[in-house]
Amino acid sequence: MKNVEAKQKEKIQKLKMLPKHIILVRHGESEGNKDTSAYSTIPDHKISLTEHGRAQARLAGSRLRDLISSHGSSQDWRVYFYVSPYERTRSTLREIGKSFSKKRVIGVREECRIREQDFGNFQVEERMKATKETREKFGRFFYRFPEGESAADVFDRVSSFLESLWRDIDLNRLNNDPSQDLNLIIISHGLASRVFLMKWFKWTVEQFERLYNPGNCEIRVMELGRGGEYSLAIHHTDEELQEWGLSPEMIEDQKWRINANKTDLNDHCKWYLNSFFDNELDSDEDVKEEDIDSDDDSKDIFLDTDS
């Protein structure tokens, strides 16, 4: 009995160390969003926000503060920011920061691994248009831009960032008091945010291909569930998740995570296994019968030496 109580206390203590929210924010409207010809004369990392983009970021800051202060278990909450080194994300953070007093912010880190996808130095407008049309035919995840990156390349560096993020949390490198609600806010870009969610929730390439880019200063909230898993379905509605491109199956998974324990994940992933393995073969006897049938077919294949 004492061992059970001790384990329960340990679990509660670990949950207290986890961030209450992990929030992804895309930058505000940039000069490149407004006029794509800007990319042909200005390096991508130097593209700035428009006045409308700054206003979007200020509004996002107000929304973030309201969300964090009203959806936490403690009024003594803190925030930690990760930000892409691009000018438009840094400017977005400056505007968002106007909604938070210094005592609420325990740190800010500029993080190169969550930068925008590299499309290759200066972007000639007509050539980029043709390149993006080719990407649609090839597939958005694996297509690599000439002199740039593919979404798969971005996935690799965002995965590395996620590993560092978990070490920061596990080792309490953020120096957070467990009595305070910790909230992580990641200010990044559209593709990097989608890839972050893909990695976190173990979505497939096929599922990624269906996702839509978040709008400027759109907020996507991962909230900590009762069992230690994070879910998009606590803060967001089914309609929102559908608009982002999540399938009914993916939405059900988000709802399951609200009350899930990490130890339940393997059993829950049977829907994923079924996309690779024949779920009709429930026993070794079924597999043996299938082998006998396939042996007959294989004989025909090996005898046909002319093909």
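A salt bridge is a side-chain nitrogen of Lys or Arg within 4 Å of a carboxyl oxygen of Asp or Glu. A search of the whole structure finds 22 salt bridges. The structure is a predicted model, in which local features need pLDDT of at least 70 and side-chain atom pairs count only at pLDDT 80 or more, while totals for chains, interfaces and linings use all residues. Residues are numbered from 1 along each chain as its sequence is written, and side-chain values use heavy atoms, with hydrogens and water left out.

**Salt bridges**

| Glutamate 95 | Arginine 58 | 3.1 Å |

Glutamate 95 and arginine 58 form a salt bridge. Glutamate 95 lies in helix H4 (residues 87-96) and arginine 58 in helix H3 (residues 51-70), so this pair ties together parts that are 37 residues apart in sequence. Helices here are DSSP runs of H or I with at least four residues, strands are runs of E with at least two, and both are numbered from the N terminus.

Glutamate 95 is buried at 10% relative accessibility, whereas arginine 58 is partly exposed at 37%. In the remaining pair of the table, arginine 220 is buried at 5% and glutamate 218 is partly exposed at 24%. Elsewhere, salt bridges that share partners join Arg115, Asp118, Glu149 and Arg157 into one network.

**Residues in the UniProt record**

An unreviewed UniProt entry places the feature "binding site" at Arg26, His27, Gly28, Glu29, Ser30, Glu31, Gly32, Asn33 and Arg88. UniProt positions are given in the numbering used here, feature names are shortened, and annotations may be inferred rather than shown by experiment.

Histidine 27 is found in the loop between strand S1 (21-26) and helix H2 (31-34). Histidine 27 is buried, with a relative accessible area of 2%. Its side chain makes a polar contact with the side chain of arginine 88 at 3.4 Å. A polar contact is a pair of N or O atoms within 3.5 Å; within protein, one must be able to donate a hydrogen and the other to accept it, and residues adjacent in sequence count only if both atoms are side-chain atoms.

Contact in general means heavy atoms within 4.5 Å. Not counting residues up to four places away in sequence, histidine 27 touches Asn33, Arg88, Thr89, Thr92, Ser188, His189, Asn216 and Cys217.

Glutamate 31 lies in helix H2 and is partly exposed at 32% relative accessibility. With residues up to four places away in sequence again left out, glutamate 31 touches Ala38, Ile47, Ser48, Leu49 and Thr50.

**Glutamate 111**

Glutamate 111 lies in the loop between strand S3 (105-110) and helix H5 (125-138). Glutamate 111 is buried, with a relative accessible area of 7%. Its side chain makes a polar contact of 2.8 Å with the side chain of arginine 113. Leaving aside neighbours within four places in sequence, glutamate 111 is in contact with Val83, Ser84, Pro85 and Phe161.

Note on methods. Buried < 20%, exposed > 50% of the residue type's maximum accessible area, 1.4 Å probe, protein only.
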